[in-house]
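The sequence and structure come first, and the report follows.

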Amino acid sequence: MKIIIGGAGNIGASIIGYLTQGSNDIVVIDNNSKNLDEISKNWDVRPILGSVSHPGTLKNANAGGTDLLLAVTDSDEVNIVACQLAHTLFDIPEKIARLDNEEFFSPDWADLYNSSNSPMDLIISPDSSIASAVYNLIKLPGALENLVLCNENLKLVGLRCGKKCPLIKTPLGQLSLLAPELDVSFVNIIRGGTSFVPRDEDILNEGDDVYFLVEKTKLYDAIHAFDLDKPMVERVVIFGGGRVALNLARKLERDDNILSIKIVESDAKEARYLAKYLNRTSVINGEFMNDAIIQEAGVENADVAVSITESDKDNMLFPLLAKSLGATSTISLINSRAYTSLLDTPDNVWVDRSSVTISNILKEIRKARIIKAHSLGRGFGEIWEVKITENSKLLEKKLSSLKMPPNSKICALYRDENISFPPPDEKIRLNDRFVVYIGADAVKKAEKLFS
C-alpha cells in the first residue's frame with residue numbers, strides 16, 4: 001500500500017512505527033526538518049520537507065498514485081485542507097484526518113462530515129482516544145486492558161497474575177474445576193516479553209499478562225476468580241496537561257463516583273487554560289518532581305495517579321515515585337515504542353500511544369470486513385470483530401475447517417445478540433460476528449481469509 005503521512009510529531013511517529021512493520025511504501029511530510037531526521041533514523045520512509053496542505057508538496061510526494069493519506073499534524077485546519085486537496089486534485093481513495101478541537105464535533109456542524117460534503121473518509125482524535133483508554137482503566141482498577149466489543153456485550157480484559165492468584169499452575173482446560181464462575185475465552189498470554197496463544201494444557205504463571213474475552217455481565221465474576229477485586233476509584237491525580245488531560249478530566253467530572261480530581265501541569269499558560277475549561281478539577285501549576293507540589297497534589301491519598309506527559313522518561317520514572325509516596329495504583333502513557341522493552345515495571349499499567357492511535361484506523365487499512373479492531377499493547381497482535389456477509393466464502397463452513405494462520409484464534413461468536421465461545425464444529429451463518437485474535441505475523445493471511 002502506498003501511504004502519505006502528513007505530520008511527524010508524536011502522533012505521526014506512532015503511526016509510522018506501526019505501518020512500517022508491513023509491506024507499505026510510506027512518504028512522510030513535515031515542515032520540521034528535525035522531526036524528519038528523527039523519523040528517517042528509525043524507519044525506512046521517504047521524508048519530504050514541506051506542508052501536507054500545499055498542492056506542490058503533495059505532487060512531489062506522488063499523491064496521484066497514493067492509496068491512503070493520513071493527515072495527522074497538530075493543526076486541524078492543515079489536516080482538513082490536506083484531505084480536500086487529496087480528494088479534489090489527486091483522487092486519493094482513502095483520506096484520514098486528525099481533528100482535536102471539540103468544536104468540530106458540535107452537533108451544529110454535523111452536516112459538515114456527511115459523505116457528500118466531507119473530503120475525509122475517517123476522522124480520528126488520538127488525544128481523546130487516549131483519554132478514553134485511561135478512563136476505562138481507571139474504571140477497572142488493576143486491568144491492563146479494558147475494551148468493549150459486540151455492541152458493548154463483550155469485554156476484552158487484560159490482567160496480570162499476581163503471587164496470590166489462585167489460578168496459577170493449573171492447566172487452562174481445568175480452571176472451571178477451581179473457579180466454576182470463570183466463563184472466559186483466553187486470547188493470549190504475554191510471558192517474559194513474548195506472546196503466545198494458550199492451549200488447554202498451558203498453565204498460568206506468576207507475572208503473566210493474561211488477555212481474555214468475557215461477557216459484560218460476567219466481568220466481575222472473572223475478576224473475582226483471579227482474586228483481583230479492588231475498591232472503586234474515587235481520588236485521581238493527573239500529571240501532565242494538554243488535550244489528553246482535558247478530555248480525561250471532563251470524563252471524570254461527569255462520573256459521580258469520582259470525588260476528587262487534581263492535575264499538575266508545569267506550563268503556566270496550559271494550567272490556566274485547563275482551569276478555565278474544567279469545573280470541579282483542581283489545577284496545580286508546578287513541576288511534579290517538586291516535593292511541595294507533590295504534597296499539594298495529595299499523591300499519598302490518591303486511589304490512582306496518572307502520568308500523561310509528553311516525556312517518556314518522566315512517565316517511566318513516575319510510577320516509582322508515586323508508589324513510594326503511597327499512591328494505590330499508577331497509570332503511565334508511553335509515547336514511543338522505543339521504550340516498550342522496558343515496560344515490565346511491576347504494578348504499573350501502561351497505555352501505549354501507538355496502539356491506541358492505530359486502533360482508530362485499523363478498520364480502514366485492513367483488507368477484511370472489520371466492524372471494530374484494536375491493536376493490543378506493545379504490538380503483539382490485533383483483535384478484530386469481523387462480520388460474515390452474504391458474499392463471504394466462509395458461509396456454512398465449520399470453524400474447524402478454516403485454515404487460521406499460526407498465532408491466531410477465533411475467540412468468540414456474537415449471533416442474534418448472544419455471546420458464545422463456539423466449539424470447532426460450529427457452522428458459520430450469515431450476519432455472524434466473530435471476535436478474532438490475530439498475531440502480528442499473521443495479519444496478511446488473516447486478511448485474505450476474512451476478505
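How much space lies in the largest cavity? The largest cavity holds about 60 Å³ of space. The model is predicted, so local features need pLDDT of at least 70 and side-chain atom pairs count only at pLDDT 80 or more, while totals for chains, interfaces and linings use all residues. Residues are numbered from 1 along each chain as its sequence is written, and side-chain values use heavy atoms, with hydrogens and water left out.

**Cavities**

The structure holds 2 cavities of 30 Å³ or more. A cavity is a set of points, on a 1 Å grid over the protein atoms alone, where a 1.4 Å probe fits but cannot get out, and its lining residues have an atom within 4 Å of a point. Grid points are joined across faces, edges and corners, and a volume is the space filled by probe spheres set on the points.

The residues R369, V386, K387, I388, T389, S392, L394, F450 and S451 line the largest cavity. By class, this lining has 4 nonpolar, 3 polar and 2 charged residues. In this classification Ala, Val, Leu, Ile, Met, Phe, Trp, Tyr, Cys and Pro are nonpolar, Asp, Glu, Lys and Arg are charged, and the others, Gly among them, are polar.

The second largest cavity contains about 30 Å³ of space. Its lining is formed by F239, I294, V299, F318, L321, A322 and L325. These residues divide into 7 nonpolar, no polar and no charged. Helix α11 (residues 312-325) gives the most to this lining, with 4 residues. Helices (H or I, at least four residues) and strands (E, at least two) are DSSP runs, numbered from the N terminus.

**Surface patch**

Helix α11 also holds L317. Together with M289 and L320, L317 forms a nonpolar patch on the surface, with about 290 Å² of accessible area in total. Patches are made of residues with over 30% relative accessible area and no salt bridge, and nonpolar side chains (Val, Leu, Ile, Met, Phe, Trp, Tyr) are joined within 5 Å. Accessible areas come from the Shrake-Rupley method with a 1.4 Å probe, and for residues only the protein chains shown count as cover. L317 counts as partly exposed because its relative accessibility is 37%. The classes are buried (under 20% relative accessible area), exposed (over 50%) and partly exposed (in between), with a 1.4 Å probe and protein chains only.

**Salt bridges**

How many salt bridges are counted? The count comes to 17 salt bridges. The rule requires a side-chain nitrogen of Lys or Arg within 4 Å of a carboxyl oxygen of Asp or Glu.

| Pair | N to O distance |
|---|---|
| D209 and R160 | 2.7 Å |
| R366 and E382 | 2.6 Å |
| R415 and E426 | 3.0 Å |

The salt bridge of D209 and R160 links distant parts of the chain, with D209 in strand β11 (residues 209-215) and R160 in strand β8 (residues 154-160), 49 residues apart. D209 counts as buried because its relative accessibility is 5%, whereas R160 is partly exposed, at a relative accessible area of 22%.

R366 and E382 form a salt bridge that also links distant parts of the chain: R366 lies in the loop between α12 (353-365) and β18 (370-375), and E382 in strand β19 (residues 381-387), 16 residues apart. R366 counts as buried at 16% relative accessibility, and E382 counts as buried at 1%.

In the salt bridge of R415 and E426, R415 lies in strand β20 (residues 408-415) and E426 in the loop between β21 (418-420) and β22 (433-439), so the pair ties together parts that are 11 residues apart in sequence. Both R415 and E426 are buried.

Beyond these pairs, R98, D100 and R243 are linked in a network of salt bridges.

**Backbone features**

Most residues other than glycine have a negative phi. C150 has a positive phi, near 50 degrees, and lies in the loop between β7 (145-149) and β8. With a relative accessible area of 1%, C150 is buried. The phi of D416 is also positive, near 50 degrees, and D416 is placed in the loop between β20 and β21. Is D416 buried or exposed? D416 counts as exposed because its relative accessibility is 66%.

Definitions and conventions
On a 1 Å grid over the protein atoms alone, a cavity is a set of points where a 1.4 Å probe fits but cannot get out, and a pocket is an open set with protein on both sides within 12 Å along at least five of seven lines; lining residues have an atom within 4 Å of a point. Patches are made of residues with over 30% relative accessible area and no salt bridge: like charges are joined within 9 Å, nonpolar side chains (Val, Leu, Ile, Met, Phe, Trp, Tyr) within 5 Å.
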